[in-house]
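Let's take a walk through this fold together, starting with its sheet and ending with a helix. Keep the 3D view open as you read.

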Amino acid sequence: MNVRKRLFSGIAIAASLALTAGLSACSSGSDDEDAPLEDSYTYATDTSFVPFEFKKDGKYVGFDIDLITAVADEAGFELKQEVTNFDGIIPGLQTGSFDLAVAGISITDERKQTIDFSDPYYKSGLILGVPNDNDDIKSIDDLDGKTVATRLGSTSAAYIEDNIKGADAKTYEQLDQAYLAVESGSADAVLYDQPNVAYYIRTEGEDKLKMVGDLLEAQDYGIAISKDNPNLVKAVNEALATIKDDGTYADMYKKWFGEEPPADD
């Protein structure tokens with residue numbers, strides 16, 4: 001009986017040591033920023049956030065699409081695209097459905113608890129849009145009792161809840177629904193990222209909406225990356241630095257925004 005116990009104990013210890021060694025090997029691999037990259041990664045993007053990503057002639061195009069493509073080319077991996085609503089992107093990164101994401105995603109301390117980010121690639125901020133004939137709303141100080149449209153899961157939705165007393169945040173899955181809500185009168189204003197509001201007004205809402213007030217909450221956009229991929233974070237950051245240095249980034253910026261990128265970009 002004692003022999004059997006000793007034999008069983010020895011087998012159990014050996015199995016435990018083997019399991020521990022295996023787990024250690026896996027753990028050390030996930031923490032190695034110099035580990036080789038995969039041949040391809042799946043990235044998520046938003047359904048419509050002009051001019052960063054939107055559908056045109058059956059394809060998704062935009063600044064973010066050009067950016068992630070250039071980064072992947074420089075880093076040496078292939079891309080598989082998945083398109084989803086904005087509020088599904090971060091949960092998808094957490095569950096491993098996606099490896100990366102580009103969708104005008106603001107880098108925040110809260111988000112960094114569950115996902116990683118590349119270095120910043122675009123500086124933005126929030127701005128109010130109101131009907132052209134509305135002279136009552138000039139800033140966020142005039143939003144008490146007003147309905148403010150924005151996008152579900154966005155930093156602007158959180159900003160309304162946390163900073164604009166008396167305002168009712170009305171969120172939509174699709175951003176164009178927020179603009180249409182203001183144009184139809186079911187919302188008093190829209191609060192969203194300044195480049196998107198400006199692009200919408202310039203291309204579709206010139207006679208309908210105008211921007212008012214100061215730029216709020218200066219924000220940096222980053223390429224979102226699922227946790228425990230330090231080698232991917234490093235490769236993306238190195239690729240970003242290269243395309244900024246060689247002029248590729250500036251060419252894309254001028255293509256989509258009609259001007260040179262700011263000096264600090």
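The paragraphs below cover the sheet, the helices lying across it, and one further helix.

This is a predicted model, in which local features need pLDDT of at least 70, side-chain atom pairs count only at pLDDT 80 or more, and totals for chains, interfaces and linings use all residues. Residues are numbered from 1 along each chain as its sequence is written, and side-chain values use heavy atoms, leaving out hydrogens and water.

Begin with the open sheet, where five strands follow the order β4-β1-β5-β12-β6 with mixed pairing. Strands here are DSSP runs of E with at least two residues, helices are runs of H or I with at least four, and both are numbered from the N terminus; two strands pair if DSSP finds at least two bridges between them. At the edges sit β4 (78-84) and β6 (115-117), each pairing on one side only. From one strand to the next, the twist averages 30 degrees. Look at β5 (residues 100-102) and β12 (residues 224-226), which pair in the antiparallel sense over two bridges; Leu-100 has Ile-225 of β12 as its bridge partner.

Helix α2 (residues 63-75) lies across β1 (40-46), β4 and β5, at about 155 degrees to β4. Helix α8 (residues 230-245) lies across β1, β5, β6 and β12, at about 160 degrees to β12. These angles run from 0 to 180 degrees between N-to-C directions, with axes fitted as lines to C-alpha atoms, for helices over the stretch in contact (heavy atoms within 4.5 Å).

Finally, why is helix α7 (residues 194-203) described as largely enclosed by the rest of the structure? Seven of the 10 residues of α7 are buried, meaning under 20% relative accessible area with a 1.4 Å probe and protein chains only. Among them are Pro-195, Val-197 and Tyr-200. The cover over the buried residues of α7 includes β2 (54-56), α6 (175-184) and α9 (248-257).

How values were computed
Buried means under 20% relative accessible area, exposed over 50%, partly exposed in between (1.4 Å probe, protein chains only).
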